[in-house]
Amino acid sequence: DTGEYYELEPSMISALKAVGEATDDLSKEDALSLLSDRYSETGREIKAEDLAKEVLSLMLRLANDGDERMRARYFNQVPICAAFAIARGDNKEAMDIYSNGLDQVGDSRTVEVASMKVNYGFICMMRKDLINSEKAFKEALELTKECFARGDVGDDPYLLATIYDSLRLIVSKNNRMQEAEEYMSSALEERRRLLKTAPITSARLIELADSMGFVAESEERKNHPEEASALMDEAVNIIKGYEGHKDAYAYALLNRAKYRQTKSPEIPEGFLEEMNVIIPALDAVAIKDKRTCENLAQAYMFRSMTRDPNDYDDLLDDLKGAYDNLYTVAQMGDVNEMFLMSVAHSYLVLLNMKDHDRSKEVREELMELGISQSDLDRASRGTIGNVNSKKTKIDMLSSQVAKPIPGRRLRRQIKHKE
């Protein structure tokens with residue numbers, strides 16, 4: 001009745017109360033940080049971001065007054081503020097936040113500063129500023145080596161491996177392949193070392209499989225197929241030894257399957273059995289990103305290659321799995337047209353035999369993406385699978401994950417009412 005704002009969320013009530021009861025700068029900073037977290041948790045991102053920036057300014061003032069504890073907190077608050085900007089798609093502001101943070105570093109030589117430089121390098125890379133990105137990563141590399149040497153590893157023991165991988169990517173974009181190979185080898189050596197000293201997660205094992213895949217591709221380019229094949233096998237065997245990481249094992253198997261398929265059109269021994277391991281493992285991933293969906297689609301298409309062309313039901317299940325996953329990527333806003341159309345064409349060939357209703361639905365879904373029947377007819381030359389005995393290689397090795405097959409990148413179109 002009074003028109004005053006009343007907060008219903010209990011966690012918000014306690015956070016607001018803590019701000020009101022703060023008696024000094026330190027308690028105020030703690031209370032505002034907590035309130036920002038609570039706003040974010042309850043979906044009020046604008047308020048959360050504004051408070052995060054206020055906390056950052058308060059920390060900087062206290063740090064400049066000589067509070068060393070606050071300087072460390074300031075370094076940790078910078079990525080929080082930048083994350084809000086990135087979530088809004090404002091990479092320029094995120095880069096400015098990191099740039100301002102690095103200006104305040106002074107003579108600090110800590111792993112937190114190295115992490116800030118790494119994050120700044122990633123933002124520059126996202127903005128296609130490879131010159132400043134490389135500079136930031138090289139500075140981070142020197143500082144991280146210095147910190148690790150004196151035992152200061154911070155919260156992320158994989159920081160050095162991440163830097164090596166990032167520099168490999170940057171110099172390879174500039175066609176400095178000798179440097180790229182050196183960084184690639186350093187990254188793999190570091191990841192192998194971390195198997196004995198750092199916590200093991202599925203994400204880290206996947207990174208290891210990718211790293212070994214990069215080196216295997218390098219060996220293949222040097223005409224060393226035995227070494228390349230051995231690295232692919234080694235990645236599978238290493239990750240197989242870590243129980244409870246089925247998704248990482250699936251990634252390693254699929255990397256090897258892609259490599260083998262590029263070497264020979266013949267289906268390798270045990271191909272079907274491997275796909276039967278990969279598909280349920282990746283399908284069980286709770287939150288599937290773009291790469292997971294594309295890998296699932298690839299595994300389904302690989303499995304379809306092992307089917308009898310007359311085995312309608314199993315073949316249809318495989319093609320449906322591939323199509324559904326690629327269509328999910330399309331709904332995310334970024335799908336590879338060439339891959340999707342080849343899969344959709346094969347899928348529709350089977351649907352046209354027995355399930356005309358579903359065939360109609362698929363065509364309507366594709367039309368929403370801007371794919372016409374004439375587009376599908378042209379794609380028939382690149383049919384993937386075993387529908388009409390035409391098998392097309394899909395070169396999607398580790399280094400090509402971020403650089404898919406050439407083609408338009410489709411975005412879901414709005415369907416207007418007539």
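Colleague: Let's start with a single residue. Where is N175 found?
Modeller: N175 sits in the loop between α8 and α9. Helices are DSSP runs of H or I with at least four residues, strands are E runs with at least two, and both are numbered from the N terminus.

Colleague: Before we go on, what kind of model is this?
Modeller: This is a predicted model, with residues numbered from 1 along each chain as its sequence is written. Local features need pLDDT of at least 70 and side-chain atom pairs count only at pLDDT 80 or more, while totals for chains, interfaces and linings use all residues, and side-chain values use heavy atoms, with hydrogens and water left out.

Colleague: Back to N175, then. Is N175 buried or exposed?
Modeller: N175 is exposed, because its relative accessible area is 61%. The cut-offs are under 20% for buried, over 50% for exposed and partly exposed in between, using a 1.4 Å probe on protein chains only. N175 also has a positive phi of about 65° although it is not a glycine. Most residues other than glycine have a negative phi.

Colleague: OK, zooming out. How many helices and strands are there?
Modeller: The protein chain has 18 helices and two strands. Of its 418 residues, 47% are buried.

Colleague: And where is the confidence lowest?
Modeller: Strand β2 (residues 409–410) is lowest, with a mean of 40, while helix α13 (residues 271–283) is highest at 95. That's pLDDT, the predictor's confidence in each residue, from 0 to 100. The chain's mean is 83, and 88% of its residues reach 70 or more.

Colleague: Over which residues does pLDDT stay under 50?
Modeller: Residues 381–418, for which the model has 92 contacts beyond four places in sequence. A contact means heavy atoms within 4.5 Å. Where pLDDT is low, the predicted coordinates should not be read in detail.

Colleague: What lines the second largest cavity?
Modeller: Y158, R191, L195, I200, R204, L205 and L208 line it. α9 and α10 (202–221) are the elements giving two or more residues to that lining, and α10 gives the most, with three. The volume of this second largest cavity is about 40 Å³. Its lining has five nonpolar, no polar and two charged residues. In that count Ala, Val, Leu, Ile, Met, Phe, Trp, Tyr, Cys and Pro are nonpolar, Asp, Glu, Lys and Arg are charged, and the others, Gly among them, are polar.

Colleague: R191 is in that lining. What does R191 touch?
Modeller: Not counting residues up to four places away in sequence, R191 touches Y158, A161, T162, D165, E207, L208 and S211. R191 belongs to helix α9 (residues 177–197) and is buried, at a relative accessible area of 4%.

Colleague: And T162, buried or exposed?
Modeller: Buried, at 18% relative accessibility. T162 is in helix α8, and beyond its neighbours within four places in sequence, T162 contacts F122, R191 and R204.

Colleague: Last one: how many residues does the largest nonpolar core have?
Modeller: It has 66, and those with the most contacts inside it are I278, Y323, L340 and L366. Helix α15 (residues 312–332) supplies the largest share, 10 residues. A nonpolar core here is a set of buried Ala, Val, Leu, Ile, Met, Phe, Trp, Tyr and Cys residues joined through side-chain atoms within 4.5 Å. Leaving aside neighbours within four places in sequence, the contacts of Y323 include L340, V343, R358 and L366. There's also a second, separate core of 54 residues, which includes F75, M95, L141 and C147.

Technical notes
On a 1 Å grid over the protein atoms alone, a cavity is a set of points where a 1.4 Å probe fits but cannot get out, and a pocket is an open set with protein on both sides within 12 Å along at least five of seven lines; lining residues have an atom within 4 Å of a point. Grid points are joined across faces, edges and corners, and a volume is the space filled by probe spheres set on the points.
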